[in-house]
Amino acid sequence: MIIDNHPFFVNEKGHLEIDGADTVDLANKYGTPLYVYDVSIIRNNCRAFIDTFNKLGVKAKVSYASKAFSSVAMLQVMKQEGMHLDVVSGGELFTALEANFPTDRIHLHGNNKSPQELSMAIENEIGCIVVDNFYEIQLLEDLLGKMNKTMDILLRVTPGVESKTHQYIMTGNEDSKFGFNLSNGQAEEAFKLVHNHPSLRFRGLHCHIGSQIFEPERFTAAAERLFDELAKWKEVYGYTPEVLNLGGGFGIRYTVQDSPLSYNIYVESLVDHVKKHADKLDIPLPEIWLEPGRAIAGNAGITLYSVGSRKNIPGVRSYVSVDGGMTDNLRPALYNAEYEAVIANKAKLPAVNEVSVAGKCCESGDMLIWDLPLPEIDDGDILAVFSTGAYGYSMANHYNRIPKAAVVFVENGKDKLVVKRETYKDIVANDLSYL
Ligand code: LLP
């Protein structure tokens with residue numbers, strides 16, 4: 001039996017399965033809370049993007065936005081799948097180096113890259129830096145001069161396309177901390193600085209309009225805005241871009257309310273649009289780069305929790321607390337993000353009650369799911385929350401000095417621990433005595 005709305009099965013014991021492994025066995029073996037990934041889904045997600053570009057015969061790079069979930073094991077899988085990589089910090093770049101990820105397939109983002117981070121990128125000869133602001137142009141120019149190196153760059157621009165998503169994950173609108181503004185001429189000013197630059201090898205434009213976007217038209221609208229600008233640059237400066245990076249943001253299903261399209265539809269519609277615009281401008285088709293993060297990792301991950309205390313307030317609601325919460329999944333507290341879940345050991349049983357799932361942090365806002373229909377709950381039950389693969393572990397924190405949960409990968413029935421559970425010793429590892 002397949003679980004409603006999510007790509008997982010229930011086995012003959014009535015337990016939720018992930019890529020052939022019984023989630024109840026995983027919870028017993030590794031403890032909870034536990035992030036578990038279905039590696040086959042991760043691979044299929046990568047292939048949906050790459051294969052569509054290949055089928056269309058279009059030169060493209062699909063970069064995994066590693067902020068969604070970065071770990072050595074994850075980046076090893078990305079390497080195997082032929083993905084490129086988007087990193088946004090020295091730490092994400094370091095993880096890629098630890099995973100032996102080919103550096104020429106990495107590009108660096110960030111609205112405030114430090115001189116150290118830029119130097120690290122230059123020394124390791126990464127493929128490209130996506131330049132975000134005037135300060136960075138100057139910094140990069142100075143560093144490349146001192147190090148006697150060159151670097152491929154894209155300019156990140158804000159196309160002024162609003163996406164219908166949470167304000168905190170909206171990035172393509174004009175009032176944004178990211179990128180050069182297209183409409184007020186700042187993008188053109190930046191272009192004039194880097195076009196024909198001896199050490200900054202300007203290869204094209206980047207934009208990212210936000211996250212959890214379902215409508216292909218939002219992406220094509222952004223591409224259209226870029227082409228308006230490129231038409232001007234062609235006429236005035238004779239410039240033709242080699243690369244158009246249209247970012248990430250492809251939406252996934254968290255709950256039944258989300259209806260994501262197959263990834264090939266976004267790719268096909270984007271390619272179609274970019275081709276039309278390139279033809280109209282009479283320029284060769286630029287290489288198309290994308291940066292999906294959530295679309296690669298999100299629906300492949302679940303989180304397993306042990307059910308603990310319960311509190312029923314007659315006429316108000318029933319709370320059930322689990323052994324994790326905003327420390328392993330900050331998204332509900334930060335964005336009011338919604339999730340669905342089942343009792344992993346009762347995955348076939350019908351729901352009889354609505355309960356609200358609380359985290360264990362000392363914070364009333366630490367609620368994972370409100371009003372979730374569930375079967376009768378007993379001690380020892382395991383709650384499995386779906387679609388936690390992106391921005392769960394990567395935004396995990398130590399609030400209330402709670403150690404970070406472990407991560408397990410499962411592929412074709414075989415499970416492997418890929419991130420160890422933290423211990424209390426890890427929590428105090430950097431503390432120094434004052435006495
Ligand atoms: N490229 C750029 C330049 C980005 O800023 C982002 C996300 C991505 C790609 C990947 O976006 P995705 O395909 O994963 O939607 N913490 C938030 C999401 C913040 C995303 C920031 N940038 C969340 O949990 O929803």
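Strand 2 (residues 16-18) pairs with strand 3 in the antiparallel sense over two bridges; two strands count as paired if DSSP finds at least two bridges between them. I18 lies opposite A21 in strand 3. The open sheet has three strands in the order 1-2-3, with antiparallel pairing. Strand 1 (9-10) and strand 3 (21-22) are at the edges, each with a single partner strand, so one side of each has no neighbour in the sheet.

The model is predicted: local features need pLDDT of at least 70, side-chain atom pairs count only at pLDDT 80 or more, and totals for chains, interfaces and linings use all residues. Residues are numbered from 1 along each chain as its sequence is written, and side-chain values use heavy atoms, with hydrogens and water left out. Helices (H or I, at least four residues) and strands (E, at least two) are DSSP runs, numbered from the N terminus.

## Helix 4 against helix 5

The axes of helix 4 (residues 90-98) and helix 5 (residues 115-123) come within 10 Å and cross at roughly 25°. Helix 4 is therefore roughly parallel to helix 5. Angles under 35 degrees count as roughly parallel, over 145 as roughly antiparallel, 65 to 115 as roughly perpendicular and the rest as oblique. Axes are lines fitted to C-alpha atoms, for helices over the stretch in contact, and angles run from 0 to 180 degrees between N-to-C directions.

In this contact (heavy atoms within 4.5 Å), G90, L93, F94 and L97 of helix 4 meet E117, M120 and A121 of helix 5. The contact residues divide into five nonpolar, one polar and one charged.

## Helix 5 against helix 6

Helix 5 also packs with helix 6 (residues 134-147), at an angle of about 50° and with the axes 10 Å apart. This makes helix 5 oblique to helix 6.

From helix 5, P115, L118, S119, I122 and E123 meet E136, L139, L140, L143, L144 and M147 in helix 6. By class, this contact has eight nonpolar, one polar and two charged residues.

## Overall dimensions

The secondary structure of the protein comprises 12 helices and 21 strands. The radius of gyration, taken over C-alpha atoms, is 23 Å, close to the 22 Å that the globule rule gives for 435 residues, so the protein is as compact as a globular protein of that length. The globule rule is 2.2 Å times the number of residues to the power 0.38.

Note on methods: Ala, Val, Leu, Ile, Met, Phe, Trp, Tyr, Cys and Pro count as nonpolar, Asp, Glu, Lys and Arg as charged, and the others, Gly among them, as polar.
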